[in-house]
Amino acid sequence: MSARTLHDGEFLKLLRNGHWEFVRRQRSTGAGFIVAVTEARELVLVEQFRIPLQKRVIELPAGIIADSADTADESAEASALRELEEETGFRGTHTRLLCSGPVAAGMTDEMGYFTQVSGLQRVSAGGGVEGEDITVHLVPLADVEPWLVKQHAARGVLTDPRIFIALHFVSR
């Protein structure tokens, strides 16, 4: 069956294939999730307000791969280096693709790519590009889970469960 367009937005397209509706990004080859650990053994995390949830969410640094004319030929690894520096102020020297797979198979055809970035050097404060309000957190690996629980209890901040995928790879 071929998909029929229900809505064609600036960034997303709503499609229907048979009885199923799903979204597709207009310009992208996937979503990148970055696993970055400092020399002090701290996991680099970001926090930002997410409009669909109307809440702040703590996440891995992440971004859309090849979403503009400037990045059209970008690989997951190149995107990880670019997004890590934009969001967190850390520049990395090495990348390694850890795994890939569907982001939310019932909602989108988007694929996610988990990339480890190492050789970190802090070159700026980070915070994202214009329009993003990103707070950077450096959390000791041994304290990530209790720290996340504390953030939720104290401030109502949500946790993206992809952080636990990162912890799995870091612990191997």
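Angles under 35 degrees count as roughly parallel, those over 145 as roughly antiparallel, those from 65 to 115 as roughly perpendicular, and the rest as oblique. This report applies that rule, and several others, to the structure shown above. The structure is a predicted model, in which local features need pLDDT of at least 70 and side-chain atom pairs count only at pLDDT 80 or more, while totals for chains, interfaces and linings use all residues. Residues are numbered from 1 along each chain as its sequence is written, and side-chain values use heavy atoms, with hydrogens and water left out.

## Two helices

Helices (H or I, at least four residues) and strands (E, at least two) are DSSP runs, numbered from the N terminus. Axes are lines fitted to C-alpha atoms, for helices over the stretch in contact, and their angles run from 0 to 180 degrees between N-to-C directions. The axes of helix H2 (residues 144–155) and helix H3 (residues 162–171) cross at roughly 165 degrees and come within 11 Å. H2 and H3 are therefore roughly antiparallel to each other. On the H2 side the contact (heavy atoms within 4.5 Å) is made by Val144, Glu145 and Leu148, and on the H3 side by Ile163, Phe164 and Leu167. The crossing of H2 past H3 is right-handed; a crossing is right-handed if the near helix is turned clockwise from the far one by less than a right angle, and left-handed if anticlockwise.

Trp147 also belongs to helix H2. With neighbours within four places in sequence left aside, Trp147 is in contact with Leu45, Ile58, His137 and Val139. Between the C-alpha atoms of Trp147 and Leu158, which are eleven residues apart along the chain, the separation is 12 Å.

Another residue of helix H2 is Gln151. Not counting residues up to four places away in sequence, Gln151 touches Ile58, Gly156 and Val157.

## Accessibility of individual residues

A residue is buried if its relative accessible area is under 20%, exposed if over 50%, and partly exposed in between (1.4 Å probe, protein chains only). The table lists residues with their values.

| Residue | Relative accessible area | Class |
|---|---|---|
| Ala66 | 8% | buried |
| Gln151 | 12% | buried |
| Thr108 | 13% | buried |
| Leu14 | 29% | partly exposed |
| Gln54 | 53% | exposed |
| Arg172 | 66% | exposed |

Gln54 has a phi near 55 degrees, a positive value in a residue other than glycine. Gln54 is located in the loop between strand E5 (42–50) and strand E6 (55–59). For Ala66, which is not a glycine, phi is also positive, at about 55 degrees. Ala66 sits in the loop between strand E7 (62–65) and helix H1 (76–88).

Arg172 is placed in the segment after H3. From C-alpha to C-alpha, Arg172 and Arg91 are 23 Å apart in space, and they are 81 residues apart in sequence.

## Thr108 and its surroundings

Thr108 is found in the loop that runs between strand E9 (94–102) and E10. A polar atom of its side chain lies 3.0 Å from the backbone oxygen of Val23. The backbone nitrogen of Glu110 is 3.1 Å from a polar atom of the Thr108 side chain. When neighbours within four places in sequence are left aside, Thr108 is in contact with Phe22 and Val23.

## Leu14 in strand E2

Leu14 lies in strand E2 (residues 12–17). Its contacts, apart from neighbours within four places in sequence, are Arg4, Thr5, Leu6, His7, Glu21, Phe22 and Val23. The C-alpha atoms of Leu14 and Met107 are separated by 9.9 Å, although these residues are 93 residues apart along the chain.

## An aromatic pair

Rings of Phe, Tyr and Trp (its six-membered ring) pair if their centres lie within 6.5 Å; planes under 30 degrees apart count as stacked, over 60 as edge-to-face and the rest as tilted. By this rule the model has one aromatic pair. Phe33 and Phe114 form this tilted pair, with 5.2 Å from centre to centre and 35 degrees between the planes. Because Phe33 lies in strand E4 (residues 30–36) and Phe114 in strand E10 (residues 111–118), the pair ties together parts that are 81 residues apart in sequence. Phe33 and Phe114 are both buried.

How values were computed: Polar contact = N/O pair within 3.5 Å; in protein donor to acceptor, adjacent residues only side chain to side chain.
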